[in-house]
Every structure is written in structure tokens, then in C-alpha cells.
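Here is a short report for a first look at this structure. Keep the sequence and the 3D view at hand.

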Amino acid sequence: MGKTLIAIAQQLKDADKKVQLIYAFNGVGKTRLSRAFKDLIAPKTDDEDGQRSELAQKKILYFSAFTEDLFYWDNDLEGDAEPRLKIQPNAFTTWVLDEQGQDRNVTSTFQHYTNDKLTPNFSSDFSEIRFSFERGNNAHEPNIKISKGEESNFIWSVFHSLIEQMISELNIAEVANRSTDVFNNLEYVFIDDPVSSLDENHLIELAVNLAELIHSSQSDLKFILTTHSPLFYNVLHNELNFSKKGNKEGCYLLERFEDGSFDLNVKHGDSNKSFSYHLYLKHTIEQAIAENKVEKYHFTLLRNLYEKTASFLGYPKWSELLPDDKQLYYSRIINFTSHSTLSNETVAKPTQAEKATVKLLLDHLKSNYGYWQQVGNQ
């Protein structure tokens with residue numbers, strides 16, 4: 001018999017883990033779960049409404065479709081006014097933008113995931129944003145309405161800056177030494193699918209950067225992450241070292257039944273075991289090769305595919321599966337899959353020779369190991 005979302009939320013709370021990672025298909029109920037969990041941890045009281053709710057009383061910070069509802073467009077079609085994205089009065093954006101002055105950091109993050117010519121322009125009171133586009137050659141397109149995907153990326157950029165500030169403050173063990181007390185009661189961060197309209201390269205970057213943020217947290221703060229993206233799930237699984245933590249750590253698949261009930265099944269192992277993710281990786285790389293669209297992130301996917309195959313076949317190191325000149329090919333892959341300064345680097349475009357290396361190594365894997373030959377036959 002299935003469970004209610006309230007019961008699932010209670011299950012997550014009772015697990016009492018630093019990080020819990022949940023995969024669910026679109027429409028299953030991830031966003032509703034985030035709301036059920038929020039209501040469980042911090043039930044809304046009669047006097048809690050909008051700005052009147054003090055930030056210092058918050059026990060949970062969550063990013064979801066409900067977070068995006070804080071932002072809305074004022075198009076004023078009748079008055080033909082300039083389109084602007086407005087922000088509902090709330091304690092979180094007021095703190096991060098107005099009190100902490102993080103607007104430049106928000107702009108930098110937003111441009112990194114979208115376009116460095118697309119610029120948000122904040123009002124003096126940070127209640128609204130106008131967007132402009134610098135096309136070069138002195139061409140300037142002011143006051144544009146950005147796409148829904150770009151809007152989601154902008155909202156995530158605000159949230160990302162807030163998380164950075166929050167973790168930094170809570171990492172100061174002595175409460176009296178913190179510059180603010182607004183996060184002292186915070187217990188959970190719930191992040192639901194911050195990957196809208198991101199290409200695969202930036203999706204991988206976001207997952208890596210998010211994992212780095214979580215690793216940097218030294219307080220008792222707990223994180224719950226949900227996604228419908230197998231790629232996002234897999235990168236987070238690897239970057240958060242779930243494969244090294246054994247069966248006691250929390251990776252789950254959220255399912256909904258025909259009667260409207262739910263279940264949260266523990267998934268031991270990465271998405272290769274849960275979602276046949278290895279086939280998705282293989283298909284993605286093959287498609288890029290066929291269309292001559294190999295990018296830097298395809299080296300990451302290729303390395304992931306080698307790691308999965310090595311694990312399945314019992315090899316201690318994935319590099320043992322490489323062709324004869326193993327060190328040469330190992331070095332090439334490592335050079336393209338280093339994440340040490342990923343958020344600050346310009347993504348290098350692979351040369352034609354490097355693109356050919358991806359095809360060579362994929363063909364080598366498929367031709368020389370019985371597991372992939374069996375998959376091909378099936």
C-alpha cells in the first residue's frame with residue numbers, strides 16, 4: 001500500500017541524513033513533496049504572512065516552483081510599458097540583495113549559465129529587474145523580456161548566492177562570532193530541480209558547483225535534492241560520493257501509484273543501476289559524434305561510461321580499459337574532466353583531433369568488452 005506525501009516527508013525527516021538525493025519523473029510530485037516537507041518542518045502560523053515572517057524564524061530554505069512564484073512579470077500591455085520582472089516582498093531576497101549586496105554575484109552567476117551579454121538591471125530598492133542585451137558593435141537592446149528558461153536560471157542565481165552566504169555564516173561554529181543571526185534556526189535546504197532549460201554542459205557544472213557547496217557545509221544543516229534529470233542525478237551521485245558511503249546513505253526513487261498514493265524506494269548504487277543510465281550515456285555520446293558536436297562535457301560522459309563498465313566487469317581502475325597507450329588517453333580524458341575551477345573557467349572547445357579521440361575510445365569500449373557487445377546484440 002502506498003503512502004501520502006506527508007508520510008514520505010516524515011520518512012525523509014526521520015532518516016536524519018546530511019544529504020538525501022531523490023529521482024522522480026516529471027509530474028510525479030517532487031514539488032508537492034517539497035511543500036509537504038516544508039509544512040512538516042515549519043507549519044505556517046496565523047501571523048506568518050509574507051514580509052511579517054522574520055527570516056530568523058525560518059527552519060527550512062527551499063527552491064521549487066513555489067520559489068519561482070515570488071517572481072512575476074509586469075507587462076502592462078495596455079500602457080505599452082517596459083517589461084520588468086517584479087519580486088514579491090519576502091525576507092530572503094531582501095536579505096541577499098538589499099542587505100548583503102549580492103546583486104553583482106547574482107548577475108555573474110546568471111550570465112555564466114545563460115549569456116554574458118544578457119544583463120539584469122536591479123531597481124534601487126531591489127523590488128524589480130529589467131533585462132538588457134548587449135549585442136556588440138554598439139548595438140544595445142534594452143528592456144527585453146527573457147525566456148522562461150532564462151527566468152528560471154535567474155531565480156536560481158539569486159538562490160545560489162543565498163546558499164553561499166548562508167553556508168558561510170553557519171560554518172562559523174561560535175554563534176556570537178557570526179555577522180548575522182538570521183540563519184541560526186535553519187535546519188534544512190530543499191532543492192527541487194534547478195536545471196530548467198540548461199544545456200548538458202551547464203547542467204553538469206551546476207551539479208558540480210552545488211555538490212561543492214554542500215561539501216563546504218560544516219554545520220548541522222541538512223540537504224534534500226530532487227530531480228527528474230538522470231544526468232543531474234548521476235553527477236550529483238558521483239560528486240557527493242554516494243558510491244563510497246554504502247547502503248546507509250540516502251538515494252531514492254519517488255513513485256506515484258494510480259490511486260494517488262506514493263512510495264519512496266531506497267536506491268543503492270548510482271543511476272546506472274536505477275535507470276539504465278549507461279545506455280543514456282552511450283546514446284548521448286554517439287549522437288554527438290554523428291552530428292560532429294562533441295563538446296568538453298562529452299569527455300566527462302565518456303569517463304563516466306568507462307567507470308561504469310570497469311565497475312561492472314570488476315576492474316579496480318577504469319583506465320585499465322583504455323587502448324594500448326593508456327597513459328596518453330588517460331591524460332587526455334583527465335585534462336577535459338577536471339572540475340577544480342569549473343565555475344570560473346571558459347569551456348575549451350575540443351579540436352577535431354580531440355573529437356576523434358572520443359569516437360576512438362567509445363568504439364574501443366564497444367568492440368573490446370563483452371558487456372557492450374551483448375548490449376549491442378540486444
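The sections below cover the sheet, the helices on it and the nonpolar cores.

## Basis

This is a predicted model, where local features need pLDDT of at least 70, side-chain atom pairs count only at pLDDT 80 or more, and totals for chains, interfaces and linings use all residues. Residues are numbered from 1 along each chain as its sequence is written, and side-chain values use heavy atoms, without hydrogens and water.

## The sheet

An open sheet holds 6 strands in the order E2-E8-E9-E1-E10-E11, with mixed pairing. Strands (E, at least two residues) and helices (H or I, at least four) are DSSP runs, numbered from the N terminus. Two strands pair if DSSP finds at least two bridges between them.

E2 (60-63) and E11 (262-266) are the edge strands; each has a single partner strand, so one side of each lacks a neighbour in the sheet. E2 and E8 (residues 188-192) run parallel, joined by 4 bridges. Tyr62 has Phe190 in E8 as its bridge partner.

## Helices on the sheet

Helix H1 (residues 5-15) packs on the sheet and touches E1, E8, E9, E10 and E11. Helix H2 (residues 30-41) also packs there, touching E1, E2, E8, E9, E10 and E11. Contact means heavy atoms within 4.5 Å.

## The cores

The largest nonpolar core has 82 residues. Such a core is a set of buried Ala, Val, Leu, Ile, Met, Phe, Trp, Tyr and Cys residues joined through side-chain atoms within 4.5 Å. Buried means under 20% relative accessible area (1.4 Å probe, protein chains only). Helix H6 (residues 148-170) gives the most to this core, with 10 residues.

Another core, of 21 residues, lies apart from it; Val28 and Leu254 are among them.

Technical notes:
Axes are lines fitted to C-alpha atoms, for helices over the stretch in contact, and angles run from 0 to 180 degrees between N-to-C directions. Buried means under 20% relative accessible area, exposed over 50%, partly exposed in between (1.4 Å probe, protein chains only).
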